[in-house]
Amino acid sequence: VVLTTVGPYALYGSRLVAACVDAGTAYCDLAGEVQWIRRMIDKHHERAQETGARIVHCCGFDSIPMDVGVLFLQQEAKRRYDRYCTEIALFVKATRGAASGGTLASMINIIREARQDREVLRILANPYALNPTGERDGPDGRDQRKVVRDPDAGCWTAPFVMAGVNTRVVRRSHALAGYPYGREFRYREAVMTGKGIGGWVKGSLMTAALGGLVLGISWAPTRRVLQRFFLAKPGEGPGPAAREAGFFNLMQVGKLADGTVLRSRITGDRDPGYGSTSKMLAESAVCLAMDDLPAGAGVLTPAAAMGEALLRRLRDNAGLSFEIID
């Protein structure tokens, strides 16, 4: 197994993926770059199936808790009600962590590519961008882009910066599994910001900050200022104390066709971007090397490649919890 953290992957990762595919070697990374993952699927999925290589992107906070979380919740729905949820919403309740310089560098490169190539922009805008060829449509629309009072969350919500990656990974997992939840299955993500006027204000500020960051790094002069004085550089991130003090707390709300609601909680015990992500990536590599895995090869997702074996490892060794809540 090859485990790599060297990004932005669109700049530095393509030759390594190609080598692993040709050698039939398993591979896992932390890529959250949808346009690059699409390229890897198009170039290598069929060849990887021939060589037996399992190429697994997004093996960190984006998108393991969400991708494996959907698998967990659907398994519980099937066990309890003998049916799957027809829709699932994931809400970020709370997180504590610092920005990763590598993630910011990847975001900057994505925006640069999108400005230079309209096809990249179309890929990023497509909710089903990572689905197999000929299957890139469905009931889901674009990710949330403004403050919304969400009845499933019971409060105001704001856009989630990672939704553009996570939702597409979940949809690819579903497609690779043969659509067991039905072709009309829907999935979305948002950040909970609280009730009342305070929740609306917090959501508005978060939305404005996210929009301002994207706008700032889209324009070369402001991007240079942000990179020089404000943004973490590649390789920079939280120190040991901050990693230990970090955490994340996510809630899933699943709905069955008859209106039955099933909720789950997903938690991690370290900084999402460094502390928890490092454990998720390491367990993914060990899982690919050591465990009995679902049949199949290709350019896969965490849930499609490793399924229940990874869920067990995350619980046992990576400080994650997955549980049903009332």
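Student: F72 and F322 in this predicted model: buried or exposed?
Tutor: Both F72 and F322 are buried.

Student: How are the rings of F72 and F322 set against each other?
Tutor: Their centres are 6.0 Å apart and their planes meet at 55°, so the pair is tilted. The edge-to-face label needs planes over 60 degrees apart.

Student: Which elements do F72 and F322 sit in?
Tutor: F72 is in helix α4, residues 64-81. F322 is in strand β11, residues 320-325. The pair therefore ties together parts that are 250 residues apart in sequence.

Student: How many aromatic pairs does the count come to?
Tutor: Five aromatic pairs.

Student: What about Y181 and F185, what kind of pair do they form?
Tutor: An edge-to-face one. The distance is 5.2 Å centre to centre, with 65° between the planes.

Student: Why call Y181 buried?
Tutor: Its relative accessible area is 17%, and buried means under 20%.

Student: And what is the relative accessible area of F185?
Tutor: F185 has 5%, so F185 is buried too.

Student: Switching to charges. What lies over the face of Y84?
Tutor: K78 does, at 5.3 Å from the ring centre.

Student: And where does the charged end of R183 sit?
Tutor: Over the ring of Y179, 3.8 Å from its centre.

Terms used. Residues numbered from 1 in each chain as written. Predicted model: local features only at pLDDT ≥ 70, side-chain atom pairs only at ≥ 80, totals over all residues. Heavy atoms only, no water. Phe/Tyr/Trp six-rings, centres within 6.5 Å; stacked < 30°, edge-to-face > 60°. Helix = DSSP H or I, 4+ residues; strand = E, 2+ residues; numbered from the N terminus. Buried < 20%, exposed > 50% of the residue type's maximum accessible area, 1.4 Å probe, protein only. Lys NZ or Arg CZ within 6 Å of the ring centre and 35° of its normal.
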